Structures are given as C-alpha cells and as structure tokens.
Amino acid sequence: MSKPIVLVIMDGVALGPETPGNAVARAYTPNLDYLFANHPWTKIKAHGTAVGLPDDSDMGNSEVGHNALGCGQIYAQGAKLVNQSIEAGQMFFSETWKAIVKNTKENASTLHFIGLLSDGNVHSNIDHLIAMVAQAKAEGLPKVRIHGLLDGRDVPAQSALDYVDKLEQALDGLNDDGFDAKIASGGGRQRITMDRYGANWPMVKEGWDTHVHGIGEQFKTTTEAITTARNLAPNIIDQDLPPFVIAENGAPIGKICDGDSVVLFNFRGDRAIELSQAFDLPNFDKFDRGVCPKVFYAGMLQYDGDLQLPKNFLVAPPNITNTLSELLVANSIAQYAVSETQKYGHVTYFWNGNKSEKFSDALETWQEIPSDIVPFEQRPWMKAAEITDCVIEAIKSKKYGFIRANMPNGDMVGHTGSFHAAELSVGAVDLCLGRLIEAAKEHDVTLVVVADHGNADEMFEEAKGVMSPKTAHTLNPAPFIIYDTNRAVSFKEGNFGLANVAATIAHLMGLAPHPTWEKSML
C-alpha cells in the first residue's frame, strides 16, 4: 500500500440547503470550509436505496450507513428485509413464529409485543406490528398485549398520538369476543428500554420493570398517559416521555408471566441487544430482574450473530460477507477503530458486517472511550477531543495502515432538537478536524472525511404552518473529502453512495477491491 489512510466519520453531518435550521451551515467550521475550498470532495447518497432501504423516502441511519461503508455493498436492510419476509409470507412460516403460536396455545397464555411505535423505518415500522397482531388472531391466539415505546426521534418530535391512534384503530378492528389486544405499557425510547452499548443499564431496568412487572404510574389509556405528561411539560419530545402502565381496577393489564411469549419487533440491533440479554441470558447480571418470568422470547431479527442473541428470531438478517476489514486482514494491514460508547459499535460491529468479533485479533485494534451519561445538549462536544487524541496517537505509532473514527456529535446532539447545541457540536467536530489535518500533513497520511447520514443539517421542520424542532435524520447527501498534500486525486462522474467508499479506500491504498463491491469513485 502507498500510505496510511485515516477515515473520519462525522456522524449526522450532511450537506443541506442553507436554511435557518441548518446547524451544519450555521456552525463555525473554518477547517471544513478549508477542505471544501482546497481539496477534492464530492457528495454521496446516504439514504434510501443506496443503503438497502425500501425507497428514497427512507432516511439513512448509522447502522445501515456503517454496514455500507464497511462492506462496500448494498444489502436489503431493516424495514426492506422485514417487508420482504411479511409480503412473501416467510415470517409466519418460520420455525420461530410456529414456536410462538405453539407456546402461547399450549400455555393458554398471552403474546406480548415490545417495540417502537413508529414508521421511521430506522428501528421499527408500526405496520409490521399490526400485521403480526392480525396474524395472531388468524391463528387463534386469544390475548395480545403491546408495550409501545414512543419515538419523536426518527419521526416528528411530538407525533406519538398519531401512532397510538393508528394502532388502537387497528386493534379495535380486530378485537371481538374471542380476541383481546391492547396496549399495556410504554414510555419514551430515550427514557426506558432502548439503551445501547451498555451506556445506561438503569434505563433498561426501568423499561424491564415497566413492561414485565407492570411497575410504574398507572393510567386508563395510553392517550391519557401522554397528554398528562405533556400538560406537565408542553415541550417534551416523545423520546423523553416518562414510563406508564395501563391498569384496570388498579391492576396492570399486561404483566409478563410464566408461559407467555414475547416478541421484540424492532429490527435494528443496537438498541435491541440489552433487552434481549435480559430475556435470553440465564446468568444475566446487569440489574436485578426480580422474579424473572419463564417465557418464549424472540426478536424480529437476530441482533448479534456472533453472540447468537436472541436465540430465536423471525427474519434472518443479511449475511454480510467480503467486508473491507477482511480485505485488509488478507493483505496483512493493521487497523485501528475508535469512538466513544455511543458509536463504538458502529465502527466495530456494524462496520464488520454485524459481527461483534474481530477478523484478526493481531491486526485489528478497537478502542472505546466511555460516553458521559448526561443529556447530549448539555455537553455537545461529547468525547470528540479524546477521540482525536487517540487517532493522533495511532498515527504517530506508525502501527496502522487504516485508522477509522466516528465523531458522534452531529447525530447524538442533533437528536435532542436543540439548535444551539447542535451548532456547537458541529463546531467541536470541526475543531478536531483541524488537529487531524495538521497530524495528517506532519506524518504524510491520507485523511478521508465522510458522513454516514444527515441530522444536524435540518434542526427545524414545518407542520401545519408551525415551525418546531426536528429530531430525525435527513435525506441530504453526505460529503466525501480527501485531504492529501502529496497526492492528486479526482472523482469520476456518477451517482455514488456510501457503499462506494470501501472500493475508494482500497483504490487509495493500491489494493484491488473485492469484485462484489460498488466501484471506486476515483
């Protein structure tokens, strides 16, 4: 290879119109401005069909984005994968679905669904849930309980009641004397249940107690729970709504008991793994589960193939092979990957094709910097400086031919809906880019800068003539920049996406890309 490559992924920092809500354009970014003005760059697609999602109305996300970056190919992902399984009827002929039906009938028990009530197509789709509830009735299961997490992150910030209404209308159309389906509990996805990477286990415990044991503030309906919370805090984003339990005559209507069946209907892995561990692992010790019910548990997908978690799943995930990491290992090139906890799994697990194990312990080094457990808008710089310190030390060590780092700021802070904090978060990343530019120049390495999807580039949205904070990802293209003072490169004409990055990096290294990959942009 010619020289080391340093890849910096600016999570959630895409290129959108210069509107008042574009925190990327409004931020102080002298280093990005310098790169755009003086070095080769292009725009690449980071959403929809370019990352294996159903169509170009679907926002990209960090998981499918890092899959595409790391494997150089486009696989059917998330919602598209599940859509295909439901449309073809494969899900309901799977061994896992048959086992769910068998277990529920033999124990005369309840089928529970846990997951995000959303159509954001990032973690879940409410239509998948409704299809499974309808199938449960068709197969003669008498009782269904739903534990619905509220989004406001991949969809409009205060849209929870839209999804609750849609679900309850569907349930009303299914319920009769022989079938009883109801929402039993819930809460905001950032308040309970949907933690990731072990960053906040108490959040998962609170979700466990809410869904499994029915512990928490009781309400007669989900609408009452949401409106009560909003009356107390009118600007609260759905993801932060407090947990609730639906009760009748003072008793929870949907506690999870011995003999029940439980399906986690989210399809994305990162925020599904911890709850799956609590249900699936016999020696689980991250929190006290109390009396742990003996249930048949399944996920929509298998969220971690190496850990085989969960053991039972409804839809087989894409079998991602021939990744960039494998190509580098085959060529004896050492790699270094670093991020803070919030995105550590993205530069390791997702990058390596949904595999939690390394392809080579000798050639792959992974570095996790623990994230602070504080609201991101209160500390928008996050761990960008520490990540940069690690990258510079890795460059200086001269051990690695490929170094990759994820700067989570634009995404994690963008999700809070705080424009000022998002603006600061992008500025923090830019400050670190300045240090990396100097290190790349001093040590003669090639610096490549890319985003995995948009977020901070659109912080406001209009609905019914009213502007409100936008917390979801965007459809805007990602920048792809190459900084190298000793090498001239130019881009081909074409419509490129994140999956073209792997071949482009191989091209820069003087390596032949795998024949299955999308082509180099150079």
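Modeller: Let's begin at K182, which is partly exposed with a relative accessible area of 29%. (Buried means under 20%, exposed over 50% and partly exposed in between, using a 1.4 Å probe and protein chains only.) This is a predicted model, so local features need pLDDT of at least 70 and side-chain atom pairs count only at pLDDT 80 or more, while totals for chains, interfaces and linings use all residues. Residues are numbered from 1 along each chain as its sequence is written, and side-chain values use heavy atoms, leaving out hydrogens and water.

K182 has a partner: it forms a salt bridge with D180, and the closest N and O atoms are 4.0 Å apart. (A salt bridge is a side-chain nitrogen of Lys or Arg within 4 Å of a carboxyl oxygen of Asp or Glu.) D180 is partly exposed too, at 25% relative accessible area. Side chains of opposite charge can pair when their charged atoms come close.

(Helices, H or I with at least four residues, and strands, E with at least two, are DSSP runs numbered from the N terminus.) E206 is partly exposed at 31% relative accessibility, and R191 is partly exposed at 33%. The structure holds 28 salt bridges.

Now follow α7 itself, residues 126–138. Its 13 residues should span 18 Å at 1.5 Å a residue, and the end C-alpha atoms are 19 Å apart, which agrees. (The expected span is 1.5 Å times one less than the number of residues.) At the start of α7, a side-chain oxygen of N125 comes to within 2.8 Å of the backbone nitrogen of D127. Just after α7, G140 takes a positive phi of about 85°.

Which side chains of α7 are buried? They are I126, H128, L129, I130, M132, V133 and A136.

V133 deserves a stop of its own. Leaving aside neighbours within four places in sequence, V133 is in contact with F113, V144, I146, L171, L174, F179 and A181. (Contact means heavy atoms within 4.5 Å.) V133 also joins F113 and M300 in touching the most other members of the largest nonpolar core, which has 69 residues. Helix α8 gives the most to this core, with seven residues. A second, separate core of 46 residues includes V426, I437, A439 and V449. (A nonpolar core is a set of buried Ala, Val, Leu, Ile, Met, Phe, Trp, Tyr and Cys residues joined through side-chain atoms within 4.5 Å.) In soluble globular proteins, nonpolar side chains tend to be buried together.

How values were computed:
Polar contact = N/O pair within 3.5 Å; in protein donor to acceptor, adjacent residues only side chain to side chain.
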